[in-house]
Amino acid sequence: MYAHSARCGNIWQHRMRGGVNNSNIEDDVTSSNDETSNAVDETVTDDVPALDFEGYEFRIGTPDNTHYNGDLCVDEINGDVYNDALFNRRRNVESRFNITITEDVYPNGQASVLRDYIIKETAAGDCTYDFSMMTERYALTLALQNSIYDINNIKYIDPDKPYWTRQINDEMRIGDKLYFMFGDISTTTLDFTHLIAFNTRLIDEYSLENPYDLVRSGKWTFDKFCSMAKVVANDLNSDGVQDETDMYGFVSAPKQILPNFWIAAGERSIKKDNEGYPYFSLPGDQKFANVFDKIFNIVWDSDIWYRNKNDSNIYYEDLRHFQEGNSLFASHTLYSVGKLRDMRDDFGVLPYPLYDESQQNYYSRVEAGAQVCVVPITNGKPDIAGAVIEAMASYAYNEVIPAYYEVTIKDKYSRDDDSAEMFDLIVETRTFDLGDTFWCEVLRDGIFAQMFKNNDRTLSSTMEKNRTKIETNINNVNEFFKALE
């Protein structure tokens with residue numbers, strides 16, 4: 001069993017030279033592009049016609065963060081393949097449409113500042129940014145404030161193109177409205193994709209099964225993950241106290257554990273009806289309840305997890321154990337894997353496991369925080385925004401993402417061909433739960449994070465207690481979008 005498409009063998013099978021409409025780029029701004037010269041030349045073009053915007057100053061607002069690469073533009077080349085691909089994209093799009101692009105970057109922790117700025121501006125009828133990148137749940141707030149366009153109404157943007165992440169964008173669509181989109185214009189949907197890293201030395205020392213073969217055969221399941229982790233978990237000093245001096249099977253920030261595993265099992269905390277409107281599905285969902293109980297059993301009851309109370313996201317204190325060779329498995333994202341580059345032991349990467357062997361597909365969670373495109377409703381020239389957005393996304397598909405993914409992630413961080421294969425599988429199987437994203441402050445962080453941290457397994461009663469609040473929140477969103485029909 002290897003439940004993903006043939007495209008997964010090489011997610012972006014194109015050269016890094018020769019992307020869309022880059023004939024005007026000067027030779028001296030192209031660097032290091034021969035690194036993938038033996039790849040298949042398979043570019044994808046957009047359908048934006050030849051346009052001249054007569055020197056228009058195009059402005060972008062972008063949040064940055066310590067958990068992803070947020071910037072869309074760079075000011076100079078420096079020999080780094082990813083950096084130079086960003087530089088070349090900017091030059092290409094500027095030349096293609098006769099514009100100049102400027103980007104205002106809002107530093108870590110100020111995504112909400114950008115959100116509030118757009119709300120204030122649009123309420124006053126003003127517009128600074130032709131488009132902005134925005135945290136997806138903040139983008140929902142902008143839609144509810146009538147501050148942004150429905151993407152369906154913006155000329156030149158084609159959501160069906162492969163550079164837009166269709167499987168996630170369909171989840172974000174409410175009814176037939178699509179106010180924001182994930183795509184290759186930004187790397188953040190890659191950066192926020194979760195995976196499991198494993199210590200290769202410990203696999204060998206404890207004579208454990210080859211994890212890659214388990215994934216390929218469909219035997220990489222919750223139970224297999226638990227049984228392997230239990231072999232390694234050990235109270236090294238025999239003091240009966242679980243602390244940082246011991247060996248562990250698994251390290252992860254508490255709030256990440258439940259959503260990573262329930263999404264891997266193919267479950268959702270908020271689902272959508274036949275008309276595309278979300279509803280609170282947990283009350284009475286027996287499959288989700290079974291998955292929920294199983295996660296507690298394998299993580300809490302087996303003593304495989306370093307019971308860290310620090311929820312400082314995924315790659316600080318709690319992952320030091322893994323970096324120092326004191327844990328078999330660790331929760332990571334594609335971005336945070338870079339923190340392991342100097343790890344002494346060899347490591348590999350895996351998707352989160354299947355619930356059981358009857359499950360046909362792997363699912364890899366994209367966490368809340370990734371960035372979507374939004375266009376302010378007060379932008380009086382949305383056609384220009386549409387053309388530039390589409391061109392930036394298509395160029396990224398052919399040039400920027402291959403540079404980032406194939407070279408920066410796979411070549412730098414993969415220590416064997418098997419890990420590179422697993423990276424492809426993880427990216428191919430990305431998915432999205434609205435209760436973990438749009439409503440993460442209400443559901444994931446508001447309820448589930450505390451339940452897991454406190455070993456609270458009262459799922460049924462807790463969901464019933466919060467049902468009215470959650471359903472009211474969802475229904476308010478649905479009513480807003482239905483009124484637009």
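Reply: Phe 222 is buried, with 0% relative accessible area (buried means under 20%, exposed over 50% and partly exposed in between, using a 1.4 Å probe and protein chains only). Before going on, note that this is a predicted model, in which local features need pLDDT of at least 70 and side-chain atom pairs count only at pLDDT 80 or more, while totals for chains, interfaces and linings use all residues. Residues are numbered from 1 along each chain as its sequence is written, and side-chain values use heavy atoms, leaving out hydrogens and water.

Now to the rings. Rings of Phe, Tyr and Trp (its six-membered ring) pair if their centres lie within 6.5 Å; planes under 30 degrees apart are stacked, over 60 edge-to-face, and the rest tilted. By this rule there are 35 aromatic pairs. One of them joins Phe 222 and Phe 261 edge-to-face, at 5.3 Å centre to centre and 90° between the planes. Phe 222 sits in helix H8 (residues 222–232) and Phe 261 in helix H9 (residues 254–264), so this pair ties together parts 39 residues apart in sequence. Helices here are DSSP runs (H or I, at least four residues), strands likewise (E, at least two), numbered from the N terminus.

Phe 261 is also buried, at 0% relative accessibility. Its ring pairs with that of Phe 250 as well: the centres are 6.1 Å apart and the planes at 80°, so this pair is edge-to-face. Here Phe 250, in strand E5 (residues 248–251), is linked to Phe 261 in helix H9, 11 residues away. Phe 250 is buried too, with a relative accessible area of 0%.

Finally, Phe 222, Phe 250 and Phe 261 belong to one aromatic cluster, whose members include Trp 220 and Tyr 352.
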